[in-house]
Amino acid sequence: MLSHDASCLFFFYRMAVYMETILDPPVKGAFWINACASFFGHSIPSVCMGWISDKYDRVTMMMIGAVGTGLVSPIMIWVISFSQTVPAFFAQFTIGVVSSLFAGPMPAWLGETFAPHVRLTAGSLGYNVAICISSGFSPLLATALVHRFGPVAPGAIYPFFAVLSFVGLFVAKRYTRDNGANGRSQEVGVNQALIDLIAKRNATTEAFKLYQSNFSRTDDKNHRV
């Protein structure tokens, strides 16, 4: 979550500001580069990655996304620093596609990781704390890095948060395994309980209908007599 939140807030929401005000010379069409790269490179691929994660292991995909974001993104920031429009678009597009490996499966992973009775509390607490830490401080860190080390330095934020995200996923996966079942098996258990409940309700309804039918027949016989 840390890797995704940091990349989304600074390197998508504020990338236009970075390309227009921090880089010298500024990148032409920074707003449209940011908007198009965010939509076509991150929003749409995130939906596709979420669908793919339904067929494969979500945690493995998110780990690959965290590692890929940490390795690829600093290079893409270096490309953007040349202030050329077309390379800047494809560089940000690449960041979006790689980070979508993490962002796409994340909502479903949050729901599957925690038991149903603590799912909303645990998921919202973990997600919002991660946002406060990574998204809240990444613009400040990026600005400080630019002033101290130059315009390429904010790319160092990616590996830092990627490592934290990878470690967090590893610990969460191990904790889930040690507790006997992953989120999918918990969800299957809940679904099976609902199916059993519905089956019992249907059986009760059918029994009541049969009772009503027998009662009506008995009542008709009494009236005929």
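How many aromatic pairs does a search of the whole structure find? The search finds 6 aromatic pairs.

## Basis

This is a predicted model, where local features need pLDDT of at least 70, side-chain atom pairs count only at pLDDT 80 or more, and totals for chains, interfaces and linings use all residues. Residues are numbered from 1 along each chain as its sequence is written, and side-chain values use heavy atoms, with hydrogens and water left out.

## Aromatic pairs

Rings of Phe, Tyr and Trp (its six-membered ring) pair if their centres lie within 6.5 Å; planes under 30 degrees apart are stacked, over 60 edge-to-face, and the rest tilted. Phe39 and Phe40 have ring centres 5.0 Å apart and planes at 85°, so this pair is edge-to-face. Phe39 is partly exposed, at 43% relative accessible area. Phe40 is also partly exposed, at 45%. Here buried means under 20% relative accessible area, exposed over 50%, and partly exposed in between (1.4 Å probe, protein chains only).

Phe89 and Phe90 form another pair, with centres 5.2 Å apart and planes at 75°, so they too are edge-to-face. Phe89 is partly exposed at 22% relative accessibility; Phe90 is partly exposed at 48%. Ring pairs join Phe89, Phe90 and Phe93 in a cluster.

## Salt bridges

A salt bridge is a side-chain nitrogen of Lys or Arg within 4 Å of a carboxyl oxygen of Asp or Glu. By this rule the count is 2. Arg58 bridges to Asp54, with the closest N and O atoms 2.9 Å apart. Asp54 is partly exposed, at 44% relative accessible area. Arg58 is buried, at 6% relative accessibility.

Arg58 also meets Glu112 in a salt bridge (2.9 Å, N to O). That pair links distant parts of the chain: Arg58 sits in helix 4 and Glu112 in helix 6 (residues 106-113), 54 residues apart. Both Arg58 and Glu112 are buried. Helices (H or I, at least four residues) and strands (E, at least two) are DSSP runs, numbered from the N terminus.

Met15, Ala16, Tyr18 and Met19 are buried in helix 2. Seen down the axis of helix 2, its buried residues fall within an arc of 165°, so they line one face. The arc is taken from the directions from the helix axis to the C-beta atoms.

Thr113 lies in helix 6. At 16% relative accessibility, Thr113 is buried. A polar atom of the Thr113 side chain lies 2.5 Å from the backbone oxygen of Trp109.

## Backbone in the loops

The peptide bond from Asp24 to Pro25 is cis, with omega near 5°. Pro25 lies in the loop between helix 2 (15-22) and helix 3 (30-53).

Ser83 has phi near 65°, a positive value in a residue other than glycine. Ser83 belongs to the loop between helix 4 and helix 5 (85-103). Ser83 is buried, at 13% relative accessible area.

## Nonpolar surface patch

Val67, Leu71, Val163, Phe166, Val167, Phe170 and Val171 form a nonpolar surface patch, with about 630 Å² of accessible area together. Helix 4 (58-80) and helix 8 (157-178) are the elements that give two or more residues to the patch. Helix 8 gives the largest share, 5 residues. Val67 is in helix 4 and is partly exposed, at 38% relative accessible area.

Patches are made of residues with over 30% relative accessible area and no salt bridge; like charges are joined within 9 Å, nonpolar side chains (Val, Leu, Ile, Met, Phe, Trp, Tyr) within 5 Å. Accessible areas come from the Shrake-Rupley method with a 1.4 Å probe; for residues, only the protein chains shown count as cover.

Note on methods: Polar contact = N/O pair within 3.5 Å; in protein donor to acceptor, adjacent residues only side chain to side chain.
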